[in-house]
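Please have the structure open as you read.

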Amino acid sequence: MGELVLTTFDWVPEVPRGYVRDLRVRWALEEAGLPYRVQSVPFRARNAEHFAHQPFGQVPWLTDGDLSIFESGAILLHLGNRSDALMSTEPRIRSEVIEWLFAALNSVEMASLPWSILAFSGDSGDTPAWKSLDAFLELRLQRLEPVLAGREWLAGTFSVADIVMADVLRLVQRFDRLAGYPACRDYVARAEARPAFVKAHADQMAHFAAAD
Ligand SMILES: N[C@@H](CCC(=O)N[C@@H](CS)C(=O)NCC(=O)O)C(=O)O
């Protein structure tokens, strides 16, 4: 295993601060107690080396020795393989962690991200786009609510699946969209109260503030 280096932007505008996806990686690394360092790439001028690590010119990516990994979900699975604190080695639980991690990314974030983009654009009223996205999100929350009402974390103990699920729900909780879903809301609050989240969040905020 090599040195772990997390790459994020040097600066972002105020609005995404606290939500940039390097947060998921910082959070996982803090939960696992794995040593790492953070390096920056320019937000405004993305060069060929950036695209070589992240083909969409986005962040984050993680290097582990000579291995370079992009996509926050893939990075978290990689870290899960390095730490039992992030993903159990017991086959049934491990399979549950993986399915919930994909559910968070492919069933919930698929609804929560476009919803939050529309909410930020101010289009949160009477338009067809808003109505259909809000109904799409509503369906996901209705199904997630009884799941989270019955358990503290998605797959037994806390795992990388919870890091991603809590983070994709934070996108809409920012606008109090979980108000009618107490189990979802309490789950996010529980996740955000974890010391590893608190540190990861504070570190991200400080990282971007340092570049102002
Ligand atoms: N699916 C990717 C999404 C990465 C992503 O959206 N990154 C944002 C920051 S949170 C970004 O780099 N935005 C700048 C851009 O898209 O140009 C992941 O989960 O890693």
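In this predicted model, the largest pocket is lined by 29 residues. Nearest its centre lie Tyr19, Val20, Arg21, Gln58 and Leu113. The space inside this largest pocket comes to about 750 Å³. Two elements, H4 and H6, each give two or more residues to the lining, and H4 supplies the largest share, eight residues.

The largest nonpolar core holds 56 residues. Those with the most contacts inside this core are Trp27, Leu79, Met165, Leu169 and Tyr187. The elements that give two or more residues to it are strand E1 and helices H1, H3, H4, H5, H6, H7 and H8. H4 again deserves a look, as its ten residues are the largest share of this core. Apart from this core lies another one, of seven residues, including Phe9, Val20, Trp61 and Phe208. Val20, a member of that other core, is also one of the residues nearest the centre of the largest pocket.

| Element | Residues |
|---|---|
| Strand E1 | 4-9 |
| Helix H1 | 22-32 |
| Helix H3 | 72-82 |
| Helix H4 | 91-121 |
| Helix H6 | 160-173 |
| Helix H7 | 182-192 |

Which residues does Tyr187 touch, not counting those up to four places away in sequence? They are Leu148, Glu152, Trp153, Leu154, Ala161, Asp162, Met165, Ala166 and Leu169. Among these partners, Met165 and Leu169 are, like Tyr187, listed with the most contacts inside the largest core.

Next, is helix H3 mostly covered or mostly open? It is mostly covered, with eight of its eleven residues buried. The buried ones are Ser72, Gly73, Ile75, Leu76, Leu77, His78, Leu79 and Gly80.

Finally, a stop at Ala32, which lies in helix H1. Setting aside neighbours within four places in sequence, Ala32 makes contact with Ser83, Ala85 and Leu86. Between the C-alpha atoms of Ala32 and Gly2, which are 30 residues apart along the chain, the separation is 16 Å.

Terms used. Residues numbered from 1 in each chain as written. Predicted model: local features only at pLDDT ≥ 70, side-chain atom pairs only at ≥ 80, totals over all residues. Heavy atoms only, no water. Core = buried A, V, L, I, M, F, W, Y, C linked by side-chain atoms within 4.5 Å. Buried < 20%, exposed > 50% of the residue type's maximum accessible area, 1.4 Å probe, protein only. Helix = DSSP H or I, 4+ residues; strand = E, 2+ residues; numbered from the N terminus. Contact = heavy atoms within 4.5 Å. 1 Å grid on protein atoms, 1.4 Å probe; cavity = no way out; pocket = protein on both sides within 12 Å on 5 of 7 lines; lining within 4 Å. Points joined across faces, edges and corners; volume = space filled by probe spheres on them.
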